[in-house]
Amino acid sequence: MNITIVGTGYVGLVTGTTLAELGNTVYCVDIDAQKVETMKKGIVPIYEPGLEEMFLRNIQAQRLFFTTELKDALEKSEVIYLALPTPPGEDGSADLSYVLSVADQIGTLLTEYKVIVNKSTVPVGTADLVRQAISEKTPLEFDVVSNPEFLREGFAVEDSMNPARVIVGSESERAKEIMGKIYQPFTNIGIPIIFMDEKSSELTKYAANSFLAVKITFMNEIANYCEKVGADVDKVRLGMGSDDRIGHRFLFPGIGYGGSCFPKDVKALIRSGKQEDFDFQILEATENVNQAQKIILVSEIEKYFGGNLQGKKIALWGLAFKANTDDVREASSLDNIKILLEKGAKITAYDSIAEENVKRILGDKISYASEMYAALEDADCLLIATEWSEFKNPNFQLMAKKMKNKAIFDGRNMFPLEQVEESGFYYKSIGRKTIA
């Protein structure tokens, strides 16, 4: 099948590459001409494990193409996926201007029946708005489908090729048949397609992400309470997760969630509720708790240094909002850097994957190290903000030699307590006893 993907951000690029891998001919459209030329040369503009190999394979197989011309791509395709940004506005609501602008263009370009697929994360009722925008420009028949993505950054290739389920929101039998053909390679191996109406499909994405944000935040609250009463959050987490009604995933405490999805989607669902005179009280609490959790270790660092961080050199391991991505949107590292700089600290950070993205935001406000141990030179303490695998089993003896002061503030609970205890470091993590 011939398919057009409008938007080559994270979702659009992974979706387009996946659909090409499934045997379709895919035309990826973007208004950024330089980005399009870069992709034509086989350069992937984002970091995502496993994506480059699949990307290059499908370009070479002539199943994956890039263009700035929506009209040309539209004429060649039966199905048009909208994978456009829906950033939060000042009030937290999703900005649909990109989606509706492209819908308007599609309406002027249609010459025959097409299926328009909303892949972007959008509020309930967006399919109706897209349908209205296109209808105002053309009398031709078309269908609008909601088909939300459930990709985890860092695992997007795995998730795209082996999804837990495919959600398709449509009440058109013709559109459902076409979507069923696209995803037949999945149904052939037992992955279910769940058909529903468009509004239920749109809400499913927000509900899923918001629930996971709540689960993470609840575990962080439990971790903070563990410290008050002397319990060990690692043991509590194992005990809870062994209940198959709960499961082990998303029960790892830390310094809050970030990224492009959870913060935005929680805000958008809160705002959508208010528009219907409904308060998502649990989501409002989640948002407030998460914001405080992201910087919870700053007060611990301050306490350790007697309330004065002026001139203290802090090594920072990790800048991405989580491991295996270069995404720094809503990253806890940035919140911590901002406050630590305000308090007079100096920061040397190491993150080989996300460094360039942070440089675009902070420039030379902080220093950057070429490798993890170089960041520790004469450091008064180490703050860990991202759970990169290379941090999991460090050389503590080398760390002690490099650092002026042996103190670690671990926002991701990277090390077993007994391992650190033997090393002689002061060690403060989340929800576990402090080693002094």
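# Exercises on pockets, cavities and helix packing

Helices α1 (10-21), α5 (97-109), α12 and α16 (355-362) each contribute at least two residues to the lining of the second largest pocket. Helices are DSSP runs of H or I, at least four residues long and numbered from the N terminus. The model is predicted: local features need pLDDT of at least 70 and side-chain atom pairs pLDDT 80 or more, while totals for chains, interfaces and linings use all residues. Residues are numbered from 1 along each chain as its sequence is written, and side-chain values use heavy atoms, without hydrogens and water.

**Exercise 1. Describe the second largest pocket by its volume and its lining.**

Step 1. On a 1 Å grid over the protein atoms alone, a pocket is an open set of points with protein on both sides within 12 Å along at least five of seven lines, a cavity is a set where a 1.4 Å probe fits but cannot get out, and lining residues have an atom within 4 Å of a point. The volume, the space filled by probe spheres set on the points, is about 1200 Å³ for this pocket.

Step 2. The lining of the second largest pocket holds 46 residues, and Gly 9, Tyr 10, Leu 84, Pro 85 and Arg 329 lie nearest its centre. Helix α5 gives the largest share, 4 residues.

Step 3. By class, this lining comprises 19 nonpolar, 13 polar and 14 charged residues. Here Ala, Val, Leu, Ile, Met, Phe, Trp, Tyr, Cys and Pro are nonpolar, Asp, Glu, Lys and Arg charged, and the others, Gly among them, polar.

**Exercise 2. State how many cavities of 30 Å³ or more there are, and which residues line them.**

Step 1. The count is 2 cavities of 30 Å³ or more.

Step 2. The largest cavity has a volume of about 70 Å³. Around it stand Tyr 257, Pro 263, Val 266, Lys 267, Glu 287, Asn 290, Gln 291, Lys 294 and Glu 330. At least two lining residues come from each of α12 and α13 (281-293). The lining of the largest cavity has 4 charged, 3 nonpolar and 2 polar residues.

Step 3. The second largest cavity holds about 30 Å³ of space. Its lining consists of Asn 118, Ser 120, Thr 121, Val 122, Ser 146, Pro 148, Glu 202 and Lys 205. Of these, 4 are polar, 2 nonpolar and 2 charged.

**Exercise 3. Determine how α10 is packed against α12 and α6.**

Step 1. Helix α10 (residues 198-229) packs on α12 (residues 262-275) at about 115°, their axes 9 Å apart. Axes are lines fitted to C-alpha atoms over the stretch in contact, with angles from 0 to 180 degrees between N-to-C directions. The pair is therefore roughly perpendicular, a term for 65 to 115 degrees; under 35 is roughly parallel, over 145 roughly antiparallel, and the rest oblique.

Step 2. The contact (heavy atoms within 4.5 Å) involves residues of α10 including Leu 203, Lys 205 and Tyr 206, and residues of α12 including Phe 262, Asp 265 and Val 266. It has 9 nonpolar, 2 polar and 2 charged residues.

Step 3. The axes of α6 (residues 126-135) and α10 come within 8 Å and cross at roughly 125°, which makes α6 oblique to α10. Thr 126, Ala 127, Asp 128 and Arg 131 of α6 touch Glu 198, Lys 199 and Glu 202 of α10. This contact has 5 charged, 1 polar and 1 nonpolar residues.
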